[in-house]
Each structure stands twice: as structure tokens, then as C-alpha cells.
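Okay, thanks everyone, let's get going.

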Amino acid sequence: MIDFYQDLNDRQLEVVTDVDHPILVLAGAGSGKTRCIIYRAAYLIHERNIAPWKLLIVTFTNKAARELQDRLESLLNIPMRSLWVGTFHSISLRILRYESAHLPYNSNFSIYASDEQKSVLKKIYKEYGYDVQKYPLNKVLARIGRYKNRLQLPEDIQPEEAAHNPFLKGFMQIYQRYQEALLMNQAMDFDDILLYTAHLLRDNDAVRAKYQDIFQYIMIDEYQDTNKAQFEIIHQLALIHQRVCVVGDDDQAIYSFRGATLRNILEFERDYEAVQTIRLEQNYRSTTAILDLANRVIKQNKQRHAKELFSELGEGIRPALRVYPDANVEAEQIALNISRQWKLGNNLRQIAILYRTNAQSRLFENALMQKKIPYSIVGSLNFYQRKEIKDLLAYLYSMANPADNESLLRVINEPPRGIGQTTVSRLLGFATKTRISLFSAIQNLSAVPELNSSAKKRVGDFCKMMEDWRQMSTSQPVAALVKDVVELLGMVSLYRKSSDPKDITRAENLIEFVASVNEFAERFSAENDRPALLVDFLPFVALQTDLDKVSEESDSVRLMTLHNAKGLEFETVYIAGLEDELLPHRMSMDTIEEIEEERRLFYVGITRAKRELLLSLAEARRLYDTYTFTQPSMFLDNLDEVLDSPGHIAAPQQSLYRKPKNKIRESQKLFKIGQRVWHKEHHQGIVLSVNGMGADAVVTVSFQNGKLIKIVGSFLHTEPIG
């Protein structure tokens, strides 16, 4: 029997048992929010006799969804196969595949990640003559993402928006052609998954009513990280019954760059009627000393719901601040400290080094390697984004969706089979001219007169192989299918023949991929009482992220950015690089809103620590080819009472925190480090250093043509040159 009164504190019990109102749960870091969600689901099923398929639970990661389902099954001692639990993307994907009759897509549409998105754009640029200098791929994709997060397809945007803006006018054409290309390929990008689901629920009365009836009770985790599209999905589902419980912490809202809006959690009480707001302030993770620092830091923010974390785990060790003469010494000393902890028997997997930018990991990797300390980087290249895995996945996508030109182009000559670029270009030309897919073109080789007989033979053999596999994929279990494909392509043996260590690793990755397919198939079969097919596997793999691959087993120090630390916890945490222009980051110091988000990022890092927290900064840091003297982070102001003093620093020099009277900030300069600039002769470049304030500052710029030039700022433009 579940003892709700024994297992939960008073505030948690309120969250679990008040199931008839809209509930806003302001759950501080480490306050047991996941426990609340699990027990609330158990209460609905066990005490209120609600069928599991009437519940919708949305989590932030796939890993969190699996753990939640497993813990709920263990608590209730019954299987939870029919429970709707997953990320916004995975839930939306299920709905879109079920409701494909209402979409301009079939149910087996492909999902394009950034590589495929860029490939589509490059073809558009080539066909229509767009200048990649004027319309950088990443900038265009980021802007497309922002429009989609606001639920705007090209046809939803008013023409007058671009009327007097040449860049925006060209961008809108690119956006339109990009969407047309996705539709031709029967593919969606990740933002489309949410956008089409929101549109479907908003605009289709029958579909909306169907899912409103299914999802009688809705629970959303990490609500502070939702965007407008996600808000709209939930709002449409909960519109009638309003039995929605959102759990989140506005103090941990750190994903505005992904389109998340703080407005959703700050204004929840305006969006629903008779909202009950419950604060979870007891922290079960950290000691009082760590929480004193966290509370002191986050109170500086104005845009937040007031809350104060407390703990009954004891006072603990005061967080320490260490100031090092340079970034190399900082990394070396942190590695030395970890080495001592390791020798004392501490588990390395319970130690994390957190930093603001990925580039900072290099010094820590070097220092840890020198001390022979095992480490792993969380948030490095996603397993499913590695070349050899993407090659294999492209074969699988081509089988499931013959209209997917991007996947077919990736594999038509991989591994090499003598189908050269000329042949591919002629096939693509024929497909474009006749408005058919590339796969349809290779099925109709007799209609492509430009190909010689040997080219037709090689393409024909490839076509037959793909057609055979496509037939097999509809009935053969996915585990057996993938094993057959890997063996018939000879990819593992091909890589193993190489003496290049990277190729040996690629072979190992392919073997690991086959193992991962088997793991998926076993779990799927247990939950659905039938073998897993290719169409079951592809949605699962498309939505995997690096955070879902964090290994709990390997005994190694975790290195990660502060963003990737969200949701994790460690006995000992190091937060390095506490300097202005690193944290807060130089590109996020222009507005109060940006600085408050950077402060929340620092808060997230602090609250990862259970027992020991060590903060550090370097007085000097190498920037390109020179040393730059740093300023301590503004977030360290007024923390003397809750920090251990800098004390002894094991380095040739010692320095204490001193704040200069007149500090020139990067945000006050006309040109900023990392800024993109343009020059009439050298075209686009990136600013590496700035000496001076205004247009006459001397700026060091790395141009895309390979030239590195010191130049007076008046010769540069901050906008693309027409």
C-alpha cells in the first residue's frame, strides 16, 4: 500500500491530492518535484480510479520519461504501458503520426536535424543564387526556428514586415522555399513537430475534442522551459476541463535561446481560472551552506516568483572561492584537487566541472589527462549524430520514406559503389524536372537518357537492394533488419580494415548501434506484445539527445556546460571561469533580461552540488594570441558572508578579489568579441579583439577568406553589405 501521508511533506501532499484545479507548482531545485508528479499519477490511478491512458505527463528528456514510468510501475506494482508519458516532441510526434490524414504529410515522414536542414538550404541557395555571406545558414535556421516557435509558417507572416527590409525580404523567400523542400521530401524539422501539432489542435475541432477527451489530467514538468508552441498545445488540450498541473522553477529558466519564454510560468495564473499556487521550498539535495549562497544569488533577480530554499541536511561546508593567476593554473589546480579526492576513495562520477562555454573544456581535458584522471564530456557529439551512425540511419529513413531525398543522397554512394557525382547530378536533374523524388527517378532509369549503361547497372543494383529492404522493413523485426543491413553493407568490416583509430571507433559505434536497436526492441516488445518494426524505431531514435546518453556507470569526472548540468546532481561541483564576459557571457550582457538569465544559469550550477561547491576564476585568460586580464563576475558581488574567503592559492602568485572603480564593459563597446562584421574587400569576419570604444577602435578580425587583419573600426560594417 502507498502511504501518501508518510512519503510526502505537507506541500508535496497538496500537489498530489488537489487534482480538480489548475495547479502551479513552484518547485525549487532539489525539492522533489519528480516525486510529486509520480505520486500525483499514482493518486489519480490508485485513489481516483482514473485509467492510465487518461493521463498525459510531459517531461524534459526521454530519459526522465523512462525513469518516471519505471518508478510509477514500481510504486503501483502494475504495468503502465498505456500511460502517455514523454517529451513534448515525442508526444506530439505520436499525435501527428496518428492524425496524418489531416496533414500534408504521410505517417512515415522523416525528421531532419541540423545537418539535413543545412543540406536543404545549400541546395536552395545553389538553385536560386542566394549569397551564403549575406544569408548565413545558422542565422537563417535560427530565424526560421523563432518564427516556428511563434507558430508562424511563411503564409502566416504579413508581407509588410519585410517591405522595407532587404534582408528580411530575401529571408522570407528562403523560408518559403525551405518549407516547400521539406514537404517535397516528406520531412519535418524539430520545430515543425510542435508547430503542426499546435496548429492541428487549434484549427481542427474534431481532433482537438478527441484529445481533450483522452487527456483528462495533464502534468507538465519543467514548465519554465516551454515556448509558445508548447504553451498552445497544452492550452488547447486543457481548455475545457482545466485539470492541468504545471511544475517548474522560474529561477531555473535558462533556455530562451531555444525559444523558451519565462512568460508561461510567470503568467500561468492569468491563463487558467482559480489557479492554486503551491511552493516547494524544502531542498533534499544540498546542505544549508550551499543553499544560503543559492538564495543570496538568485534574490538579485527581479523577474521571479519569491521563494527561499531551506534544507534539513545540516550546515555543511561553506562554498569556497578561489582566484588563480591564469586559466591554465585554474585547470591544473582543479585537476590536482580531484586527484586528491580520488586517492581518498571518492567516486569520480560524483564530481562535476561546470563552465559557461564548450571551448573551456579543453584546458580541463588536458589537466585531467596529465593526472591520468578518467573524464567524460556531457553534451559532446551526440552518439546518433556521428557520421557512421547517420549513414546507417539514412538507409533506414530511405526505406521508411522513399520521398526523403536527403537521406538517399547520403547513402547512394556510401560505402562507395561507383555511383559518381555526375550520375547523381543527372538523376537529381531528372527528378527536379519531372517533379518526382530521387527514389522514383532511380526506379525509372530508362527515362533518364543521359546515363550510360554501366551507370544504369550500378544505380539499378542499388535500387533493387533498397526496394528489397523496403519490402522487408514492413514486416521484419527492426533488430533483425538492422543487423542484416549492417552485415550486407559490410560497414563494420570496412572500418576495421583501416589502421586509422577513428575508423576503428566507427566500427565499434556501429556495433553499439546494433546493440541499442536490440535494447529498444526488447523494451518495445515487452510493452506492446508485438515485435518492434522500423516505423516504431525511427521516431524513438530521432528524438534522442546527448542528455539521454549520460552514463551513470562509468567512474569518470563529468565535464559539461552549465546548460547541460540542468537536472543533474553531484556530491562535489566545481564552477570555473566566474568572470565578466564569461559568466555573464559577453553576448548576454546588453539587457537586464539577458543578465538575469545568466544569473539563473549560475544558480543552476550552484544547486547541482550536494555536499561541496568550489567556485573559481582566473585573473588572465588567453584570447587568440594574447593574454587578456579579466574582471571577476558581477554575480560575485555581495557574497562575502556566504563564501569561504579565497585564502591560500596553490600557484606561483596569489591574488584576492578586487573590483576596480572604473570598469569598461564589453557591452559598452561598438565592436564586441565574437561579433560578425563585414568589409567591402574581405567580406565576412569575426571580431577577435577590440582596443577602444567607438568606430575608431582598433579591431582584430578573422575573415572567412583566411586573412587575419588589424583594422580601424570605421572601415567595417556591422550589417551585411548589400
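I'll start with a pair of helices and then move to a strand and its neighbours. Before that, keep in mind that this is a predicted model.

So, the helices. Look at α7, residues 137–149, and α9, residues 190–203: the two pack at an angle of about 20°, and their axes are 9 Å apart. With that angle under the 35 degree cut-off, α7 counts as roughly parallel to α9. As for handedness, α7 passes α9 in a left-handed crossing.

Which residues make the contact? On the α7 side you've got Gly 145, Lys 148 and Asn 149, and from α9 come Asp 191, Asp 192 and Leu 195. If you sort the residues of that α7–α9 contact by type, you get 3 charged, 2 polar and 1 nonpolar.

Okay, on to the strand. This is β16, residues 609–618. Is β16 mostly covered or mostly open? Mostly covered: of its 10 residues, 8 are buried.

Now for what β16 pairs with. One partner is β11, residues 320–324, which runs parallel to β16 and is joined to it by 5 bridges. To find your way around there, pick out Val 323, which sits opposite Leu 617 of β16.

Then there's β15, residues 570–575, also parallel to β16 and linked to it through 5 bridges. Here the pair to click on is Thr 572 and its bridge partner in β16, Glu 612.

That's what I wanted to show, so over to you for comments.

Notes
Residues are numbered from 1 along each chain as its sequence is written. This is a predicted model: local features need pLDDT of at least 70, side-chain atom pairs count only at pLDDT 80 or more; totals for chains, interfaces and linings use all residues. Side-chain values use heavy atoms; hydrogens and water are left out. Axes are lines fitted to C-alpha atoms, for helices over the stretch in contact, and angles run from 0 to 180 degrees between N-to-C directions. Helices (H or I, at least four residues) and strands (E, at least two) are DSSP runs, numbered from the N terminus. Angles under 35 degrees count as roughly parallel, over 145 as roughly antiparallel, 65 to 115 as roughly perpendicular and the rest as oblique. A crossing is left-handed if the near helix is turned anticlockwise from the far one by less than a right angle, and right-handed if clockwise. Contact means heavy atoms within 4.5 Å. Ala, Val, Leu, Ile, Met, Phe, Trp, Tyr, Cys and Pro count as nonpolar, Asp, Glu, Lys and Arg as charged, and the others, Gly among them, as polar. Buried means under 20% relative accessible area, exposed over 50%, partly exposed in between (1.4 Å probe, protein chains only). Two strands pair if DSSP finds at least two bridges between them.
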